[in-house]
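Here are a few notes to read alongside the model, written as numbered points.

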Amino acid sequence: MNNLPIIKTTCPYCGVGCGISASVDEKNRLVSISGDVVHPANFGRLCSKGSALGDTIELKGRLLQPKVNGQEVEWSEALDKVAAIFSKTIAKYGPAAVAIYGSGQLLTEDYYVANKLMKGFIGSGNMDTNSRLYMSSSVAGHKRAFGSDTVPGCYEDFEHAELIILIGSNTAWCHPVSFQRIQAAKLANPALKIVVIDPRRTASCEIADLHLAVASGTDAYLFNGLLNFLSQQQALNQAYIDEHTEGFATALASSRYSLEQVAEKCAISVDDLRSFYQCFAAHEKVMSLYSQGINQSSSGTDKVNAIINCHLATGRIGKAGMGPFSLTGQPNAMGGREVGGLSHQLAAHMDFSKADDIDKVARFWGAKAIAQKPGLPAVDLFDAIADGKVKAIWIMGTNPVVSLPNADKVKLALQGCEFVVVSDCMANTDTTALAHVLLPAQGWSEKDGTVTNSERRISRQRALLSPAGQAKPDWWIITQVAKRMGFESAFNYQSSRDIFREHAALSGFENNEQLGLRDFDISALATLTEQDYEHLQPIQWPVNQAFPQGRARFFEQGQFYTASGKAQFIAVEPRLPFNAPNEQYPLKLNTGRIRDQWHTMTRTGIAPQLNQHKPEPFVEVHPVDAMTYDLVPNSLAKLESRWGSMLARVQITDSQQQGNVFVPMHWTQQLASQGRMGALVNPAVDPISKQPECKHTPVAIKAYHPAWQGFILSRQELTFADVEYRVTIKGAQFYRYELAGDSLVDDWRSTMSKQLSDINTENAHWQEYQDSGKGSYRAAKLLNNQLELVIFIATDNNLPERSWLTSLFAQQVLTLNERKALLSGRPAQGVADIGAIVCACFNVGEKTLLAAIKEQGLKTHQQVGACLKAGTNCGSCVPEIKALLADNQSIKNTARLN
Amino acid sequence: LVIKANKLIGAVLYGEIADGSWYQELLEKQENIAAMRDTLIFGKAYV
């Protein structure tokens with residue numbers, strides 16, 4: 001392995017944007033991953049997901065060839081088809097009848113050309129992205145306050161901070177490397193205070209000095225109250241307010257909440273609230289890190305501004321160790337924002353709100369037909385598809401059938417859509433299943449370009465391996481379609497570098513004091529040579545004449561990108577979530593990520609080690625609610641909302657608040673027949689950012705009592721008719737299927753042999769167990785004494801732990817004891833420990849006897865017989881028992897002597 | 001094993017007979033075996 005090339009690249013998961021050093025064995029398609037010790041985002045650290053990347057690059061499950069209506073075709077045919085139908089649809093119904101829905105997984109270069117095609121040349125604003133679901137409230141909040149979508153600080157600030165507030169962010173699981181960095185900062189500086197604001201007691205609370213378990217959706221009350229408190233305590237920075245901001249008086253006027261009022265709204269104690277406010281007031285270097293708990297809300301934009309207001313009022317922005325800081329969800333959510341990937345944006349931090357900007361971009365692109373107004377944001381876009389207004393959609397690298405709210409409606413919308421194109425690296429997702437045309441895109445490890453992380457740092461994502469099958473870069477696919485639609489000259493790129501250079505040039509185009517200054521300016525990178533681009537080091541934008549080496553922080557001296565150059569306070573009137581719980585749907589559903597999975601698991605679900613932490617979709621329920629709704633640990637529950645339903649395994653925990661439940665966002669129909677949380681989630685959106693309220697949906701929960709439950713472990717992947725509850729989990733040497741069904745089966749044996757008829761049974765040995773009175777069935781298949789398959793079915797949930805059985809799949813052969821124990825589902829209790837058999841009648845071993853003699857102080861063989869029955873039948877072992885008693889006595893005496 | 005109303009009423013053992021006396025005992029005592037029913041057939045070491 002020593003001679004293998006090391007290639008530096010960037011992790012494709014969360015927005016931390018960790019650098020990776022990959023040792024690449026191209027011949028065997030093996031990649032060994034370690035953290036890049038010099039990358040400023042992680043300095044060598046990686047989380048569980050990033051570390052397992054080498055296990056996600058297999059070719060199995062990849063989309064390898066373009067397909068039209070399910071038939072494999074050549075690229076030219078697929079591209080012709082997409083271009084022809086898009087052109088025809090535009091000609092007949094106008095440009096608003098087509099759309100692109102992209103993803104924070106796209107590289108900046110891919111994003112740039114997709115956006116340019118739709119907004120510049122098709123002339124429709126209908127280019128939106130899944131970043132709408134994660135980031136758009138931050139974008140809108142930044143824009144309102146700063147006049148630009150600028151993240152003011154950087155990761156290095158963690159080490160300078162005196163107080164770090166994690167708001168609506170389970171950083172420990174969702175941005176693990178940033179969390180570790182904060183943890184290390186606290187270790188190095190025990191004076192660093194950590195406050196977590198979250199309705200749930202998450203893993204991030206482990207390092208918290210204070211956890212405010214606020215009522216769901218009440219954050220704006222909390223930060224309005226803080227602004228008021230700071231004003232009352234004279235903790236404001238009046239000079240900064242006067243010099244660099246506008247609107248303070250009205251913002252303060254709308255923040256007049258007493259401590260008691262806020263504590264009541266947030267359902268926390270006045271003491272806790274006061275100590276948080278005092279802590280904020282007392283520390284100059286305060287960072288407010290926020291994530292989806294703030295953004296995914298029907299008042300997300302206001303919440304962002306309520307936080308920013310407090311930083312502006314104290315002038316705590318733009319200096320080391322302070323500022324509001326949005327933790328982005330995806331590896332390139334930021335890059336997407338930079339190119340204008342959201343439907344209200346145009347390009348390079350210009351949007352449709354200024355006619356000048358539209359004119360600038362039109363001239364730069366040579367785009368006469370450029371769109372003049374925003375297109376449809378995600379939720380509206382899929383509504384428009386359902387209504388038949390958008391007739392052709394191109395989805396790139398995302399799985400909206402799983403991730404969008406009201407996801408059953410999204411599924412119906414796509415089923416009814418005239419033309420659905422999906423570019424993806426995976427063959428079978430809930431969304432690819434609905435496509436007319438499938439285009440195989442290169443995945444991470446094959447594609448090549450740039451991404452931008454949460455701290456504005458642009459890093460290269462590099463190709464490690466040659467592409468899988470016929471897979472192509474997204475930018476190539478998009479430009480090929482653009483050329484076929486008649487936009488040849490505007491999309492004539494030879495490489496991702498060509499696109500990057502144009503993107504960099506646009507960022508600097510007419511970007512100055514006279515013609516309008518924009519924050520996003522990487523014009524110094526517009527002339528990179530192929531070699532410069534290849535070796536581009538991670539760098540924080542802007543990268544221009546003023547900041548040739550990048551810039552760590554913005555706004556220390558004000559200089560905001562508003563018309564007046566001053567930051568804007570926003571008067572926030574807090575609003576509770578859009579849909580309130582009611583009698584029918586009394587609980588508040590929260591959704592989110594878990595530690596070891598990424599989005600819809602199309603990649604992390606491939607790595608067996610990542611499927612161990614939380615193998616099934618689950619619902620976290622408070623103990624009192626569990627009692628109310630008659631839920632027992634590890635049983636199944638059905639969750640229902642006005643929009644849909646899902647099944648999940650019950651986990652009872654007081655880390656949930658009473659009245660709140662939490663489900664993970666990751667499971668798809670491919671992996672869990674009824675595990676899609678998107679089906680439940682309400683389609684309420686923020687009126688400004690259009691970001692959906694994924695963190696709050698009223699739901700009902702009830703115990704699900706299937707007729708039977710069970711599981712199958714199989715060395716081979718199985719296909720069988722779906723049942724009411726089915727979860728597929730990939731293990732190291734096996735596939736695990738968790739199952740439950742509503743209809744009773746009389747003859748499991750023939751049902752199973754029909755269902756599993758495709759598995760080779762030649763030379764196989766079967767074990768079977770049946771308890772017809774109880775309805776249980778178990779079977780195991782062995783091939784040359786190696787375990788191939790086990791089936792466990794029961795009419796209750798009394799099934800063995802899966803761990804011992806799964807461990808047997810690692811063995812070449814099973815021992816006799818293991819074979820004997822197999823269908824019991826667990827190793828014999830103490831089989832190895834009973835020692836040599838002394839009493840054959842009652843199967844009592846020497847070790848059992850000795851233990852009983854010692855622990856219970858037995859002195860005679862009659863006492864032993866009363867206790868263990870040994871020696872009470874034929875009596876032939878009594879002498880041996882006596883000998884053991886004597887031995888024990890002498891040991892005791894020796895002990896006394898010593 | 002023959003079970004009626006969660007009581008062991010009969011057993012036939014062939015080959016592996018080590019648990020014979022244990023089954024005999026359960027049979028004589030007419031103990032309710034509901035709690036160990038799922039592993040009963042595997043012998044005393046599994047209960």
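1. Let me begin with the inside of chain A. The largest nonpolar core has 121 residues, and Ile197(A), Leu222(A), Phe223(A), Phe276(A) and Trp394(A) touch the most other members. Such a core is a set of buried Ala, Val, Leu, Ile, Met, Phe, Trp, Tyr and Cys residues joined through side-chain atoms within 4.5 Å; buried means under 20% relative accessible area, exposed over 50%, and partly exposed in between (1.4 Å probe, protein chains only).

2. A word on the basis: this is a predicted model, where local features need pLDDT of at least 70, side-chain atom pairs count only at pLDDT 80 or more, and totals for chains, interfaces and linings use all residues. Residues are numbered from 1 along each chain as its sequence is written, chains are lettered from A and ligands numbered from 1 in the order in which they are written, and side-chain values use heavy atoms, leaving out hydrogens and water.

3. Do look at Ile197(A). Setting aside neighbours within four places in sequence, Ile197(A) is in contact with, among others, Ile165(A), Ile167(A), Leu212(A), Leu222(A), Phe223(A) and Phe276(A) (contact means heavy atoms within 4.5 Å). There is also a second, separate core of 58 residues, which includes Leu289(A), Trp598(A), Phe618(A) and Phe662(A).

4. Phe229(A) sits in helix 8 (residues 219-232) of chain A; helices (H or I, at least four residues) and strands (E, at least two) are DSSP runs, numbered from the N terminus. Why does Phe229(A) count as buried? Because its relative accessibility is 6%. Beyond four places in sequence, its contacts are Tyr277(A), Gln278(A) and Ala281(A). Phe229(A) and Gln278(A) lie 49 residues apart in sequence, with 8.6 Å from C-alpha to C-alpha.

5. Now to the interface, where 21 residues from chain A meet 13 residues from chain B. About 1500 Å² is buried between the two chains, with carbon and sulfur atoms giving 44%; buried area is the accessible area (1.4 Å probe) that two parts lose on being put together, summed over both. On the chain A side, Tyr769(A), Lys820(A) and Arg826(A) lose the most area to chain B, together 26% of what that side buries.

6. How many salt bridges cross between chain A and chain B? The rule finds 5, taking a side-chain nitrogen of Lys or Arg within 4 Å of a carboxyl oxygen of Asp or Glu. One salt bridge joins Asp38(B) and Lys774(A) at 2.7 Å, N to O. Strand 32 (764-771), strand 33 (776-783) and helix 26 (816-821) of chain A each supply at least two residues to the side that touches chain B, and helix 26 gives the most, with 3 residues.
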